[in-house]
Amino acid sequence: MALAIRDVREHDLDAVLALNNAAGRSILAIDAAQLRFFYEHADYFRVAEIDGELAGFLIAMREGRDYDSPNYRWFCEHYPQFLYIDRIVIANAFRRHGLGRIFYCDVTSYAEVRVPLLACEVFLEPRDDVVVLFHGTYGFQEVGQQRMGDTGPQVSLLAKDLPSYGYVRDTYLEHGRLPAEPWLAERLTSPNEPHA
């Protein structure tokens, strides 16, 4: 089995949209315009391929983006710097094989050299104890709860401190920038322009 985690490409978007909208109640459906917004603005948007087949994806955004998600906005109001995991979806055929943990290791590696906090939410209605337990064992703590809109589901807002960020900030970010290594590069959001 050959696994690759890589930045999303434009030709992946139809498959990503189909996977997202087939995920069930725990993932909010989106349309092509919303997915295009993520493609153009997300700081982290990576897919997993297993033997050439799209197996899953994870989308995350830093603070300061023009994104109207109430959960993202909650973190903007409470924290100055963070990376917010908007959604992670694993295809049914690849669930319960550790791909979620692989994605979370990858997004943590991305975040810990850029921000002090990794953030997300989990639905409490309907509650999925596997998802709640997964986040708890991965070091997330509940920092709040809210209802999404007047009639939407109740969510638990979760955050994970990234203690290595302090070292990176003091050693690199306050004295220039990160080293020019491929694994530290920002994803390109257009063919000619890196994401700022």
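Residues are numbered from 1 along each chain as its sequence is written. In this predicted model local features need pLDDT of at least 70, side-chain atom pairs count only at pLDDT 80 or more, and totals for chains, interfaces and linings use all residues, while side-chain values use heavy atoms, with hydrogens and water left out.

Biologist: Which element gives the most to the lining of the largest pocket?

Modeller: A pocket is an open set of points on a 1 Å grid over the protein atoms alone, where a 1.4 Å probe fits, with protein on both sides within 12 Å along at least five of seven lines; lining residues have an atom within 4 Å of a point. The lining has 46 residues, and Ile88 and Val89 are among those nearest the centre. Helices (H or I, at least four residues) and strands (E, at least two) are DSSP runs, numbered from the N terminus. With seven residues, the element that gives the most is E4.

Biologist: Why is strand E7 largely enclosed by the rest of the structure?

Modeller: Two strands pair if DSSP finds at least two bridges between them. E7 pairs with E5 in the antiparallel sense over seven bridges, and six bridges join E7 to E6, also antiparallel. Buried means under 20% relative accessible area and exposed over 50%, with partly exposed in between (1.4 Å probe, protein chains only). Strand E7 (residues 154-161) is largely enclosed because the number of its eight residues that are buried is seven.

Biologist: Is Ser69 buried or exposed?

Modeller: Ser69 lies in the loop between strand E3 (53-62) and H3. Not counting residues up to four places away in sequence, Ser69 touches Tyr84 and Asp86, where contact means heavy atoms within 4.5 Å. Its relative accessible area is 8%, so Ser69 is buried.

Biologist: What is the relative accessible area of Arg96?

Modeller: Arg96 is found in the loop between E4 and H4. Arg96 is not a glycine, yet has a positive phi of about 65°. Arg96 is exposed, with a relative accessible area of 69%.
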